[in-house]
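Biologist: I am new to this structure and would be grateful for a close look at a single packing contact, followed by an account of how its parts relate to the rest of the chain.

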Amino acid sequence: MAIKWRKELEIGIDVIDNQHKELVDAINKLLEASAAGRAKEEIGSTLNFLSDYVITHFNFEQEYQKRHNYPKYAEHLKLHQFFLQEVQEMKRQFEQDGASLPFIIQFNKRIVDWFVNHISKADKDYAEYVHSLKGAK
Ligand SMILES: [Fe+2]
């Protein structure tokens, strides 16, 4: 199911919120193209964009956390590494079966749900930490 961008998904750091929005757009685009039965190449290129941009985005977050000495950096890094493997797995599945129903079901579970949950919990946690540092100054 498409992700509707909502206030609860904002972590309050503009540059990162914008990257999250970009990822949500790509996720939605892929879901819509799959539902409409669009060509495999078109869906594949969105999936490639998504997997590349996730790497850029995660690197950005990791650098940002390091810069602010986020105490749960290592824990957060593991979450990112797990997700990158999931994305690779979805790419493999897509290469094999295209945007089949099992692919879409797995994509919803392993990509959409994970991503929304990650933003709402783990990303909000480091954002709160950074905001608390700024408040303390
Ligand atoms: Fe994250």
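Modeller: The helices α2 and α3 pack at an angle of about 170°, and their axes lie 11 Å apart. Axes here are lines fitted to C-alpha atoms, for helices over the stretch in contact, and angles between N-to-C directions run from 0 to 180 degrees. The two helices, α2 and α3, are therefore roughly antiparallel to each other; angles over 145 degrees count as such, whereas those under 35 are roughly parallel, those from 65 to 115 roughly perpendicular and the rest oblique. On the α2 side the contact is made by G44, L47, S51, V54, I55, F58, Q62, Q65 and K66. On the α3 side it is made by Y73, H76, L77, H80, L84, V87, K91 and F94. Two residues are in contact if their C-beta atoms, placed from the backbone, lie within 7 Å.

Because the model is predicted, local features are reported only at a pLDDT of at least 70 and side-chain atom pairs count only at pLDDT 80 or more, while totals for chains, interfaces and linings use all residues. Residues are numbered from 1 along each chain as its sequence is written.

Each partner may now be taken in turn. Helix α2 has 28 residues and reaches 40 Å from its first C-alpha to its last, close to the 40 Å expected. Helix α3, with 25 residues, reaches 36 Å, again close to the 36 Å expected. The expected span is 1.5 Å times one less than the number of residues in the helix.

The buried residues of α2 are I43, T46, L47, L50, V54 and E61. A residue is buried if 20 or more other C-beta atoms lie within 10 Å of its own, exposed if 12 or fewer, and partly exposed in between, with C-beta atoms placed from the backbone. An α-helix has 3.6 residues a turn, so residues three or four places apart point the same way. The buried residues of α2 pack against both α1 and α3.

Q65 is one of the α2 residues in the contact with α3. With 19 other C-beta atoms within 10 Å, Q65 is partly exposed. Not counting residues up to four places away in sequence, Q65 touches Y70, Y73, H76 and Y126. Q65 and H76 are eleven residues apart in sequence, and their C-alpha atoms are 9.3 Å apart in space.

Between α2 and α3 runs a loop that holds N69. Most residues other than glycine have a negative phi. N69, however, has a positive phi near 50°. N69 counts as exposed, with 10 C-beta neighbours inside 10 Å. Beyond the other end of the pair, just after α3, G98 takes a positive phi of about 70°.

I27, found in helix α1, touches I3, L50, I111, V112 and F115 under the same exclusion. With 21 C-beta neighbours inside 10 Å, I27 counts as buried. L31, placed in helix α1, is likewise buried, with 21 C-beta neighbours inside 10 Å. L31 and N108 are 77 residues apart in sequence, yet their C-alpha atoms are 8.7 Å apart in space.

Finally, the chain as a whole has four helices and zero strands, which are DSSP runs numbered from the N terminus (helices H or I, at least four residues; strands E, at least two). Buried residues make up 18% of its 137 residues. Among contacts between residues at least 6 apart in sequence, 66% join residues at least 24 apart. Along the principal axes, the C-alpha atoms fill a box of roughly 55 × 25 × 20 Å.
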